[in-house]
Amino acid sequence: MAAPGPVTPGAPFEPAQPPVIEGFSPSIYSTQESFKEKFLRKTRENPMVPIGCLGTAAALTYGLYCFHRGQSHRSQLMMRTRIAAQGFTVAAILLGLAASAMKSRS
C-alpha cells in the first residue's frame, strides 16, 4: 500500500466562521450587526412577537406564583392564558414570515 503524498498545510479551518466563497456574502448587510441592533431591527419588522413573548412569560410567572401560594383556580386560569399567549406568538411569527415572503416576491 502506497503512502499518501505530503500534505501542504493551508489556512487552518475555523468551524466558528462561515466558509469564504468568492463573490458570495452570507448577509445582505455590508457590516456585521450586534445583537442589540439585530434585536431592534427584528422588533421593528414584527413587533407582535416580543409582545407575545412578554405576555407568555408574564402569564407563566404569575401562574407559578399563584400555584406556590395555593391559589389553584387562578393558577389554572393563568396556565390557560399562557397557552393563548403562546398561540398568539406563534401566529405572529407565521404572519411575519408570510409577510416577508410576500414582500420578497414583489
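**Working through the model**

Modeller: Let's begin with Tyr65, which is partly exposed at a relative accessible area of 43%. Buried means under 20%, exposed over 50%, and partly exposed in between (1.4 Å probe, protein chains only).

Biologist: What ground rules apply?

Modeller: This is a predicted model, with local features needing pLDDT of at least 70 and side-chain atom pairs pLDDT 80 or more, while totals for chains, interfaces and linings use all residues. Residues are numbered from 1 along each chain as its sequence is written, and side-chain values use heavy atoms, leaving out hydrogens and water.

Biologist: Okay, the fold. How many helices and strands does the chain have?

Modeller: Three helices and zero strands. From the N terminus the order is α-α-α. These are DSSP runs numbered from the N terminus: helices are H or I with at least four residues, strands are E with at least two.

Biologist: How much of the chain counts as buried?

Modeller: 12% of the 106 residues.

Biologist: Where does UniProt place the "transmembrane region" feature?

Modeller: The unreviewed UniProt entry puts it at residues 48-67 and 83-102. UniProt positions follow the numbering used here, feature names are shortened, and annotations may be inferred rather than shown by experiment.

Biologist: And in the model, what is the chain over residues 83-102, helix or strand?

Modeller: 100% helix and 0% strand, with the end C-alpha atoms 29 Å apart. Residues 48-67 are also 100% helix and 0% strand. Their end C-alpha atoms lie 28 Å apart.

Biologist: Let's talk glycines. Where is the place of Gly52?

Modeller: Gly52 sits in helix α2. Its relative accessibility is 3%, so it counts as buried.

Biologist: What does Gly52 touch, not counting residues up to four places away?

Modeller: Ala85, Phe88 and Thr89. Contact here means heavy atoms within 4.5 Å. There is also Gly87, 35 residues from Gly52 in sequence but 8.6 Å away in space, C-alpha to C-alpha.

Biologist: For contacts between residues at least 6 apart in sequence, what share join residues at least 24 apart?

Modeller: That share is 47% for the chain.

Biologist: Switching to charges. How many salt bridges does the count come to?

Modeller: Two. The rule asks for a side-chain nitrogen of Lys or Arg within 4 Å of a carboxyl oxygen of Asp or Glu. Glu33 meets Arg41 at 2.7 Å, N to O. Glu33 is partly exposed at 28% relative accessibility.

Biologist: And Arg41, buried or exposed?

Modeller: Arg41 is buried, at 16% relative accessible area. Arg41 also bridges to Glu45, with the closest N and O atoms 3.2 Å apart. Arg41 and Glu45 are four residues apart in helix α1 (residues 35-45), about one turn. Shared partners join Glu33, Arg41 and Glu45 into one network.

Biologist: Now rings. How many aromatic pairs does the count come to?

Modeller: Two aromatic pairs. Phe35 and Phe39 are stacked, 6.4 Å centre to centre with 20° between the planes. Rings of Phe, Tyr and Trp (its six-membered ring) pair when their centres lie within 6.5 Å; planes under 30 degrees apart are stacked, over 60 edge-to-face, the rest tilted.

Biologist: Which helix do Phe35 and Phe39 lie in?

Modeller: Both are in helix α1, four residues apart, about one turn of the helix. Phe35 is exposed at 71% relative accessible area. Phe39 is partly exposed at 46%. Tyr62 and Tyr65 make a stacked pair too, 6.3 Å centre to centre and 25° between the planes.

Biologist: Why are Tyr62 and Tyr65 separated by about one helical turn?

Modeller: Because they are three residues apart in helix α2 (residues 48-69). Tyr62 is partly exposed at 34% relative accessibility.
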